[in-house]
Amino acid sequence: MKLLTPSLLIISCFLIGGMIFKSMAPRHCATILPDDTIFVLTGDMRRIPFAMRQLRKNPGADLYIIGAGTDGSFEMARRVTIESDSKSTYQNALAIRKIVERAGLDRIVLITTEDHMNRAKYLIEHELPYIEVATCPVPLTDMPATKRLERWGIEYIKYIATLFGIKEG
């Protein structure tokens, strides 16, 4: 029984932490201002179409697609730029830092899926503590509940690792 008590305590803390993690994730898109710069992180097929819809609603905004996996950075359209060198969320944050510093931005809009938002925002704010990060989460629709739970669990574990200083992997 004595061995079981610490295990139950650890499991309970982990589960409660997971519920807090999920409840901390933004549910709605922040207001996108006319001169905002939007950064969308690749990795889920829902993100880029969602970002393009946001761009159509906000024609004055610039859009950066970060981590596209193509050869080099290039401009796709007048207000859409693709960065393709970064391969992880931490590398995405570093790529965003370079763009933000070069452009002198003080506010960005971050688009990624709702399960990924907490960790992505944390890493970007760690690299750019002096800018405002407005979030615009992509909902995980048309996905079975078990798959959503799995994704949230994986992101929660990655978030915990990030808090302990493990930024890659």
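Of the 169 residues in the protein, 44% are buried. The structure is a predicted model.

Secondary structure in the protein comprises 5 helices and 6 strands. Along the sequence these elements follow the order α-β-α-β-β-β-α-β-α-β-α. The radius of gyration is 17 Å, close to the 15 Å that the globule rule gives for 169 residues, so the protein is as compact as a globular protein of that length. Taken along the principal axes, the box filled by the C-alpha atoms is roughly 65 × 35 × 30 Å.

Among contacts between residues at least 6 apart in sequence, 69% join residues at least 24 apart. The protein exposes about 9,600 Å², and carbon and sulfur atoms supply 62% of that area. Its side chains include 22 positive and 19 negative ones, and the centres of the two sets lie 5 Å apart.

A pair of aromatic rings is described by the distance of the centres and the angle of the planes. The structure holds 6 aromatic pairs, and two of them are set out below.

| Pair | Centre to centre | Angle between planes | Geometry |
|---|---|---|---|
| Phe21 and Trp152 | 6.0 Å | 80 degrees | edge-to-face |
| Tyr122 and Tyr159 | 6.0 Å | 75 degrees | edge-to-face |

The pair of Phe21 and Trp152 links distant parts of the chain, 131 residues apart. Phe21 belongs to helix α1, which covers residues 4–24, whereas Trp152 belongs to helix α5, which covers residues 145–163. Both Phe21 and Trp152 are buried.

For Tyr122 and Tyr159, the planes stand at 75 degrees, and the pair is therefore edge-to-face, since an angle over 60 degrees places a pair in that class. This pair also links distant parts of the chain: Tyr122 lies in helix α4 (residues 117–127) and Tyr159 in helix α5, 37 residues apart. The two tyrosines fall into separate accessibility classes. Tyr122 has 29% relative accessibility and so counts as partly exposed, whereas Tyr159, with a relative accessible area of 15%, is buried. The cut-off for burial is under 20% relative accessible area.

Notes:
Residues numbered from 1 in each chain as written. Predicted model: local features only at pLDDT ≥ 70, side-chain atom pairs only at ≥ 80, totals over all residues. Heavy atoms only, no water. Helix = DSSP H or I, 4+ residues; strand = E, 2+ residues; numbered from the N terminus. Rg over C-alpha atoms; globule rule 2.2 N^0.38 Å. Buried < 20%, exposed > 50% of the residue type's maximum accessible area, 1.4 Å probe, protein only. Contact = heavy atoms within 4.5 Å. Areas by Shrake-Rupley, 256 points an atom, 1.4 Å probe, with all protein chains shown as cover. Lys, Arg positive; Asp, Glu negative; His and termini not counted. Charge placed at Lys NZ, Arg CZ, Asp CG, Glu CD. Phe/Tyr/Trp six-rings, centres within 6.5 Å; stacked < 30°, edge-to-face > 60°.
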